[in-house]
Amino acid sequence: MAMQKVTVLGGGVLGTQIGLMCAYWGCDTTFWLRSEGSIGRTEPKIKRYSALMLGDLEKAKALLGNPMGAYVYPRGLIRDWKSTDAAAIDALIAAAKKNFEEKIHIELDMGKAVAGADIVIESMSEDPEAKIAVYEQAKDKLEEKTILVTNSSTLLPSMFAEHTGRPEKYLSLHFANTIWKNNTAEVMGHPGTASEYYDAVVAFADQIGMVPLKLHKEQPGYILNSMLVPFLSAAQALWANGVSDPETIDKTWELATSAPAGPFKILDIVGLETAYNINQMKPVAQTEGTVENRIGKLLKEKIDKGETGVNAGKGFYQY
Ligand SMILES: NC(=O)c1ccc[n+]([C@@H]2O[C@H](COP(=O)([O-])OP(=O)(O)OC[C@H]3O[C@@H](n4cnc5c(N)ncnc54)[C@H](O)[C@@H]3O)[C@@H](O)[C@H]2O)c1
């Protein structure tokens with residue numbers, strides 16, 4: 001049965017995007033935020049991301065009939081690209097405007113925020129203590145039916161299950177940034193997740209325009225980052241060891257595999273601070289003379305110059 005009422009805990013970059021997707025596909029969506037100050041930070045994000053989503057729908061009309069359109073249309077916003085037309089996209093735009101206006105609420109009171117929720121999506125900062133504190137705060141207020149999921153990128157649901165008061169109804173639902181285009185939803189339970197709730201979350205992901213990707217067991221980094229992080233590390237090692245330069249490394253990957261972006265273009269999108277943090281988490285990065293140590297120093301030089309990637313206008317490339 002479709003989920004009608006969704007609560008998102010946290011109104012940051014991802015929380016805002018997730019809430020907007022839920023509202024877009026017709027769910028009554030409440031953001032729980034911790035303070036008035038958070039409202040001041042979340043409201044502009046809601047405006048910004050909803051405008052980007054509507055803008056991408058507008059642009060999609062120009063892609064109709066173009067064979068490349070199938071690769072670049074906003075996959076989370078248009079269900080059946082092959083059979084869509086300009087009138088159908090206009091109808092989606094009109095419905096989206098109405099849903100963004102009517103179906104999004106902001107609430108500071110946890111009890112009111114989660115009342116009646118079919119699913120609560122936790123998308124707060126990647127801070128285990130803060131997550132535990134919020135799970136403890138929510139657990140007595142959640143209704144019997146409510147499923148709780150986390151969007152955490154690096155923490156496993158088994159770390160938190162006992163704090164949720166509903167381990168069988170708790171699992172990970174992991175989105176990617178710009179979810180209306182990159183509409184992956186990795187679904188990962190912990191050993192105590194009951195299969196009926198896992199299946200309900202898979203169905204929910206589809207309901208809100210995502211492609212559910214099922215993991216059969218817990219895996220740090222899920223599927224995507226288990227592949228992407230070693231790939232990006234290998235590229236950075238080639239650079240830090242002086243084997244080649246970022247442009248040549250990217251060109252090699254792009255020409256040889258027909259991929260649209262090589263590892264350094266991906267690093268610019270991910271952001272160099274994130275790449276630096278991931279590198280520095282490796283204990284060997286603290287040891288002088290290791291390749292990880294050199295990668296850390298090279299990334300830090302660029303970060304100190306403000307060259308942190310696409311969002312800054314410059315990273316490995318100029319934007
Ligand atoms: N940014 C990404 O590309 C990305 C992609 C997939 C998943 N994620 C995951 O999504 C989650 C959120 O990431 P984000 O990028 O949106 O972060 P963010 O920093 O943009 O937002 C974090 C939100 O959490 C809130 N918050 C922090 N501490 C809190 C507390 N103690 N009580 C209540 N609210 C609190 C902040 O006010 C903010 O709204 C993380 O678990 C992250 O791993 C992020």
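The protein chain is divided into domain 1 (5–214) and domain 2 (224–310), with bounds that come from an automatic or database domain assignment. The C-alpha centres of domain 1 and domain 2 lie 29 Å apart. This is a predicted model, in which local features need pLDDT of at least 70 and side-chain atom pairs count only at pLDDT 80 or more, while totals for chains, interfaces and linings use all residues. Residues are numbered from 1 along each chain as its sequence is written.

A look at the overall dimensions comes next. The C-alpha atoms of the protein chain fill a box of roughly 55 × 50 × 40 Å along the principal axes. Of the 319 residues, 35% count as buried. Here a residue is called buried if 20 or more other C-beta atoms lie within 10 Å of its own, exposed if 12 or fewer do, and partly exposed in between, with C-beta atoms placed from the backbone.

The protein chain holds 13 helices and eight strands. Both kinds of element are DSSP runs numbered from the N terminus, helices being H or I runs of at least four residues and strands being E runs of at least two. An open sheet of eight strands has the order 3-2-1-4-5-6-7-8, and its pairing is mixed. Two strands pair if DSSP finds at least two bridges between them. At the edges stand strand 3 (104–107) and strand 8 (211–214), each of which pairs on one side only. From one strand to the next, the twist averages 25°; the axes behind this angle are lines fitted to C-alpha atoms, for helices over the stretch in contact, and angles run from 0 to 180 degrees between N-to-C directions.

Individual pairs give the sheet more detail. Strand 1 (residues 5–9) and strand 2 (residues 28–32) are parallel and share five bridges. Within this pair, Thr7 has Thr30 of strand 2 as its bridge partner, and Leu9 has Trp32 of strand 2. Strand 2 is mostly covered, as four of its five residues are buried.

Strand 7 (residues 184–189) is also mostly covered, with five of its six residues buried. Strand 6 and strand 7 run antiparallel and are joined by five bridges; His174 stands opposite Glu186 in strand 7. Strand 7 and strand 8, by contrast, run parallel and are joined by four bridges, and here Ala185 stands opposite Pro212 in strand 8.

The ligand has 21 residues around it, and the closest are Gly12, Leu14, Ala130, Ser153 and Asn177. A residue is near a molecule or strand if its C-beta atom, placed from the backbone, lies within 6 Å of it. Two or more residues of this shell come from each of helix 1 (13–24), helix 6 (128–139) and strand 6 (170–175). Helix 1 gives the most, with three residues. By class, the shell has seven nonpolar, 12 polar and two charged residues. In this scheme Ala, Val, Leu, Ile, Met, Phe, Trp, Tyr, Cys and Pro count as nonpolar, Asp, Glu, Lys and Arg as charged, and the others, Gly among them, as polar.

Some backbone angles also deserve a look. Most residues other than glycine have a negative phi. Thr178, in the loop between strand 6 and strand 7, has a positive phi near 55°. Thr178 counts as partly exposed because it has 18 C-beta neighbours inside 10 Å. Tyr222 lies in the loop between strand 8 and helix 9 (224–240), and its phi is likewise positive, near 55°. With 21 C-beta neighbours inside 10 Å, Tyr222 counts as buried.

Lys297 lies in helix 13 (residues 291–304) and is exposed, because 12 other C-beta atoms lie within 10 Å. The C-alpha atoms of Lys297 and Leu33 are separated by 37 Å, and these two residues are 264 residues apart along the chain.
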